[in-house]
Amino acid sequence: MTVQETVLAIQKGEMKAQEVLESHLKTIQDREEEINAFNLVMTEEAIKEAEKIDSLVAEGKNPGPLTGIPVAVKDNICTQGIPTTCSSNILAGWLPPYDATIVERLRDAGAVIVGKTNLDEFAMGASTENSAFGPTRNPLDTTRVPGGSSGGSAAAVAAGFTPLAIGSDTGGSIRQPAALCGVVGVKPTYGRVSRYGLVAFASSLDQIGPFAETVADAALLLEVISGHDPLDTTSIPEPPLDLSSALTQGVEGLRIGVIDELSGGAIEGISDDVLACLEKAVEALTSAGAIVERTSVPSTVYGLSAYYVIAPAEASSNLARYDGVRFGPRVDAKTTSEMMVATRTAGFGDEVKRRIMLGTYALSAGYYDAYYGKSQKVRTLIMNDFAAAYEKFDLLLSPTAPTTAFPLGDKTEDPLQMYLQDICTISSNLAGHPAMSVPFGQGTDGLPVGIQVLAPATDEHTMFRAGAILEASNQGQS
Amino acid sequence: MTSKTLDGWEIVIGLEVHAELATATKLFSSAQNVFGGEPNTNIDPVSLGLPGSLPVLNQKAVELAIRVGLALNCRVQRSVFARKNYFYPDMPKAYQISQFDLPINEGGWLELPDGQRIGIERAHLEEDTGKSSHVGGGGRIHEADYSLVDYNRAGVPLIEIVGAPDLRSAEEARSYVSELRSILVAIGASDGKMEEGSMRVDCNVSVRPEGSEEFGTRCEVKNINSLRSLGRAIEYEAQRQVDIITSGQEVEQQTRHWDEADGRTHTLRSKEEAFDYRYFPEPDLVPLDPSPEWITEIQESLPELPRQRRINLAEAAGITPQEATLVVERNLDEFAIAVIEKGADPTRVLVHLENNLADGIGELTTESFAELISLETSGDLSATQAKTVLADLADKGGDPKEIAAHHGFEAMDTSELETLIEGILADYPEDWTAFVEGDLEERKKKSGFFVGQVMKMTKGQADGKVVNDILLHRAES
């Protein structure tokens, strides 16, 4: 059943929200110990929510477009009175006094929030292994990672724990785990979804987005969470998206460019089986009437380097507030500054510390121009290259991740190998553009491959047209 | 430009003034901006820098900042907020949202009452910090048992006004701050209360040999809480630097702390220990680009500034603009002009406003004040009597004539006074001879003595000026 079908069934009284929830809680009970998708399963709260939805329906009211749908929320998004940890010891015991804007929107739409999902600490990572609460495992093969940093949310959808989940994407943290878990993941245009209540990693890159089993479900969830929010100055002053027509519109006549650098060109390390899937995706789109050609986005090759200056720089500032003064655990010491050092030393994991040091260095007097300044110029170059490409094409295409899901522990000793997981996704964050990952084919290991559809700023609609075609074609094959 | 020198040395001063903007809410959130209040009551997720919170710029604060910029003759421009990073418990996010290379106001000037123009380098928007208090150990941070932080002030909008190093004496520095305060109050940007910390002054001081064109090494002095300490701190710091140089050493660039109790400045940190603030553009806010129409609208809504008001009063009262400073500072200039326009003697109007109405005009109206001055001018009331009546008028209002009658004040008949003086002169023949034969100085002394005697006998009802006239007339005849 799609989400929309379930919603209609509950609204018509053919099904109860409580039944829908119960069956998902059962699945969680069966497999959560093995998968570890959740930092917290909110059983009691969810049951109360579902009861409330059912009584609203019984009163003849319409609780909204997500009536009774269980949703998992990444644990770096604030939920009032419910722990929000970012999978870090430094936020242990902290209870946010407010809901993130998207949490309010989910509730207003009738969704039932089931739990908070695991992530790489403060969303820094590509495998969900950097978590204070242990790694999340890929439901399709539990010896493998689910990707990251939103690995908990991707795994929750892939394992059938919830039909929908919310993630955040700073350099690929929705799209890459979606690809590795065989689900749909969308990073909307920067500013499309309010960041109010999303614990910041890199503010100019962070964006909240949906995970779902299908393109249509992802569209529905994105519609609910999108739209202007006066509490986020960087949010786009536009009403919520309406993507329904995109799902059936097809790609007839659309011009789609395959990014050469990410498909066997300048950037190495993208596996042959992933490239083979990309070829099949091109065929599928072509046979659906799109005009597909290879094209170049030359500065993409510098994206990763620029990202690993800009993101840590912003993170070093965003994470400075975890000083033991106002919230979270405090390690006492003789002086205030010793207390801060001791608290941060004990509270943060290694990857977070590594990025804070990188970022602090990049912003330091005498180094700013060489690192942060130059990276911002690269960012502008990438935007310019994309702008040039979008003069000729409506959409761009690439793999989402260089490989299928890799074994746990495979890259934990080599940060650079881990960083390379985001090589295909990072440029969209630097440009602020939307991109989505749609499952398409399998690798030689039988694990899913994701194809990335990239669109110019604010054109989620056209992006979903291609997403829907890829999905239909993939289902036709398997 | 006048230069005050210290034994052949010139002091060079540049001031950085922080003023809290008079908004209802904070710079980036809807928490209240009010002074005082129970600790940690005017707070919200944004002012506490809670994870996930985001700043939203207060439009009123921007309007007030533009008012300041326009009143200080600055260029109002597109600006960008920046993060100034440093760890301190009263800084909730461990960074302050400020403006760095692109401030909202740049390149203006302020004119002192004496006509000198002092450059304004920039006036930018930023948020205030919370306040720490240290418990135990005499309130000093290093000896304290523990510290408490109040975040009520965190996020309150500030305008930081950076003046050029154009000031040359403690007196000029005080004059600059008090002119700046008058402007901020006049345009409704700030209440300018130094004692409540809503206006704070950091002071850069250096010295150089008189006539030198090069700047000396400067020190920044912090913790100045009043105009008086500003003057004292500058004088102390300039002398300290001159002493260092004349003893053959070099001044080290430092941030220093003014200690009001011992009247000295103390090292806070050296140049090497200066923070690296790692400024970078604030990604949570978009650039601020006020429209030309809005700026024009704000320009047109500005009231007359103290400089123009001094000119207006000077013209009405026949004095120099500088002589009008105090009355304008006390915001009594329009009142003064109205009274003068009713025909009151300008000198008497200004004397009363400057000396006898320190607590404000109260119930005094332009009519009653003009009437009082006319009674004084005509000699119906002596200066002392007028002062008493004025105090009553300010306190309760009413009719000056009735109040005078109530006090039993009547104009003394000149012949009555003559008789009285004649008697006194007879009682003190030696003093009278001294008056008649004395020089100007001696006459002044003796006339004081005789006026005093007359006042004693008339219980202050005589007019001192009339007594003086009688004495002079007698001595000459």
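Tutor: In chain B, 3 strands make an open sheet with antiparallel pairing, in the order β5-β4-β15. Strands here are DSSP runs of E of at least two residues, helices are runs of H or I of at least four, and both are numbered from the N terminus; two strands pair if DSSP finds at least two bridges between them. The model is predicted, so local features need pLDDT of at least 70 and side-chain atom pairs count only at pLDDT 80 or more, while totals for chains, interfaces and linings use all residues. Residues are numbered from 1 along each chain as its sequence is written, and chains are lettered from A and ligands numbered from 1 in the order in which they are written.

The edges of this sheet are β5 (95-99) and β15 (280-281) of chain B; each has a single partner strand, so one side of each has no neighbour in the sheet. The antiparallel pair β4(B) and β15(B) is joined over 2 bridges. Within β15(B), the residue opposite B:R83 is B:F280.

Strand β4 also matters for the contact with the other chain. In chain B, 26 residues are in contact with 33 residues of chain A, where contact means that the C-beta atoms, placed from the backbone, lie within 7 Å. On the chain B side, β4 (81-85) and β9 (146-150) are the elements that give two or more residues. That side has 17 nonpolar, 4 polar and 5 charged residues. Here Ala, Val, Leu, Ile, Met, Phe, Trp, Tyr, Cys and Pro count as nonpolar, Asp, Glu, Lys and Arg as charged, and the others, Gly among them, as polar.

Now the chain as a whole. Chain B has domain 1 (5-300), domain 2 (306-406) and domain 3 (414-476), with bounds from an automatic or database domain assignment. Taken over C-alpha atoms, the centres of domain 1 and domain 2 of chain B are 37 Å apart. Between these two, 8 residues of domain 1 of chain B are in contact with 7 residues of domain 2 of chain B. Helix α2 (residues 170-186) of chain B supplies 5 residues, the largest share of the domain 1 side. By class, that side of domain 1 of chain B consists of 3 nonpolar, 2 polar and 3 charged residues.
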